[in-house]
Amino acid sequence: MTTLDIDFIRSQFPAFSETSLQGQAFFENAGGSYTCAPVIERLTRYYHQRKVQPYYPFEASRLAGEEMDEAREGLAAVLNIATDELSFGPSTTQNTYVLAQAFGQMLGEGDAIIVTNQDHEANSGPWRRLAERGIEVREWRVDNVGHLDLAALARLLDGRVRLVCFPHVSNLVGEINPVVEICDLIRAAGAYSCVDGVSAAPHGLPDIGGLGADIYLFSAYKTFGPHQGSWRSGAHWRMCCPIRGIISMKTRATSASPRPGRTTRRWRPVPAWLIIWTWCMRIISSPSRMLPCAGAWCMIFLRRMRQV
């Protein structure tokens with residue numbers, strides 16, 4: 001049997017050699033885990049060398065884009081999902097909020113969702129507030145020992161339920177929920193599943209592809225990584241989601257995500273009206289310095305207009 005080399009693992013975390021932290025143990029991880037040295041090195045290199053807009057045709061930009069693609073492809077492989085199913089955002093709390101807004105656009109009066117009282121507020125509150133839009137919110141309640149009973153969920157599921165949100169591991173009672181069985185039950189009822197994996201992922205990155213969840217969220221900064229939230233959205237669900245909701249969120253959160261057939265990004269021409277407006281503002285603020293330059297720019301602009 002292979003023995004875990006604890007000394008080697010500890011050597012990968014600079015915090016363990018930090019004098020000011022000696023003799024302490026941290027049991028509350030809401031602020032995140034300490035980051036391991038390889039991640040710190042990557043971040044340091046990024047801030048020193050590659051903090052530029054990615055995918056432009058110059059070396060630092062090319063390397064930045066390649067490194068971002070590498071991160072997405074590597075993590076997707078570990079999670080057993082397709083690369084285009086993985087997205088990054090500021091945090092799981094914020095990602096869940098945006099997802100709830102997307103579902104708010106997709107659902108309407110007469111539709112229902114199910115949440116639990118075993119969840120963290122971040123995977124409960126945003127969904128519960130959809131009741132303000134006329135969406136019915138049903139609660140899958142724990143029993144007297146904190147357990148979520150599948151028979152109770154089955155009684156809540158009907159043709160009106162479109163989404164069920166529940167935790168992989170409850171941060172309240174520590175129960176590990178049977179995600180595969182729950183997702184199978186939800187899928188059979190024709191609904192989507194959204195799993196909060198924030199309390200599960202620190203104990204071992206999950207096989208998300210094998211769990212069968214349509215949406216699975218966890219926090220990279222609680223798994224020795226940078227301060228980001230990561231989440232998986234299945235292809236079938238993404239096709240049904242409104243563009244203004246989840247698709248726009250993915251564009252903002254992962255603007256450098258790989259696109260089929262893309263090699264470099266084109267430089268966007270600056271509109272002529274914006275150039276003229278900018279120079280007018282500078283002339284107003286400092287006329288003696290800017291008038292000669294403004295005159296030259298106006299001559300160039302007028303000459304180009306005649307050519308057009």
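**Entry 1: Asn80 and its phi angle**

I began just after helix 3, where Asn80 takes a positive phi of about 65°; helices (H or I, at least four residues) and strands (E, at least two) are DSSP runs, numbered from the N terminus. I noted this because most residues other than glycine have a negative phi. Asn80 is found in the loop between helix 3 and strand 1. Asn80 counts as partly exposed at 45% relative accessibility, since buried means under 20% relative accessible area, exposed over 50%, and partly exposed in between, with a 1.4 Å probe and protein chains only.

Before going on, I wrote down that this is a predicted model, in which local features need pLDDT of at least 70 and side-chain atom pairs count only at pLDDT 80 or more, while totals for chains, interfaces and linings use all residues. Residues are numbered from 1 along each chain as its sequence is written, and side-chain values use heavy atoms, with hydrogens and water left out.

I then looked up Phe224, which has a positive phi of about 70° although it is not a glycine. Phe224 lies in the loop between strand 6 and strand 7 (229-233), and with a relative accessible area of 37% Phe224 is partly exposed.

**Entry 2: Helices 3 and 2**

The 21 residues of helix 3 should span 30 Å, and the end C-alpha atoms are 30 Å apart, which agrees. I did the check again for helix 2 (residues 37-50), whose 14 residues should span 20 Å, and I found its end C-alpha atoms 18 Å apart, which agrees.

Which residues of helix 3 are buried? I listed Ser61, Ala64, Gly65, Glu67, Asp69, Arg72, Ala76 and Leu79. The buried residues of helix 3 pack against helix 2, strand 1, helix 8 and strand 6, where contact means heavy atoms within 4.5 Å. In helix 2, I found Ala37, Val39 and Arg50 buried, and what covers the buried residues of helix 2 includes helix 3 (59-79).

**Entry 3: Strand 4 and its neighbours**

I turned to strand 4, which is mostly covered, six of its seven residues being buried. Two strands pair if DSSP finds at least two bridges between them. Strand 2 and strand 4 pair in the parallel sense over three bridges, and five bridges join strand 4 to strand 5 (residues 192-196), these two also running parallel. I followed Val164 of strand 4 to both sides: Ile114 stands opposite Val164, and in strand 5 the bridge partner of Val164 is Ser193.

**Entry 4: The nonpolar cores**

I next looked for nonpolar cores, a core being a set of buried Ala, Val, Leu, Ile, Met, Phe, Trp, Tyr and Cys residues joined through side-chain atoms within 4.5 Å. Of the 29 residues in the largest nonpolar core, Trp140, Leu153, Val164, Phe166 and Tyr216 touch the most other members. The elements that each supply at least two residues of this core include helix 3, strand 1 (86-89), strand 2 (112-116), strand 4 (161-167) and strand 6 (215-219). Helix 7 gives the most to this core, with four residues. I also noted a second, separate core of 16 residues, which includes Phe103, Met106, Leu163 and Cys194.

**Entry 5: Cysteines**

How many disulfides are there? I took a disulfide to be a pair of cysteine sulfur atoms within 2.5 Å, and by this rule the count comes to zero. Cys194 is in no disulfide, and the nearest cysteine sulfur, that of Cys165, is 4.5 Å away. Cys194 counts as buried at 0% relative accessibility, and Cys36 is buried too, with a relative accessible area of 15%.

**Entry 6: Helix 4**

Gln105 counts as partly exposed at 34% relative accessibility, and its C-alpha atom is separated by 9.9 Å from that of Leu130, 25 residues apart along the chain. Val98 is also found in helix 4 and is buried, with a relative accessible area of 16%. The C-alpha atoms of Val98 and Pro126, 28 residues apart along the chain, are separated by 8.7 Å.

**Entry 7: The whole protein**

Last, I recorded twelve helices and seven strands in the protein. Buried residues make up 39% of its 308 residues.

Terms used: The expected span of a helix is 1.5 Å times one less than its number of residues.
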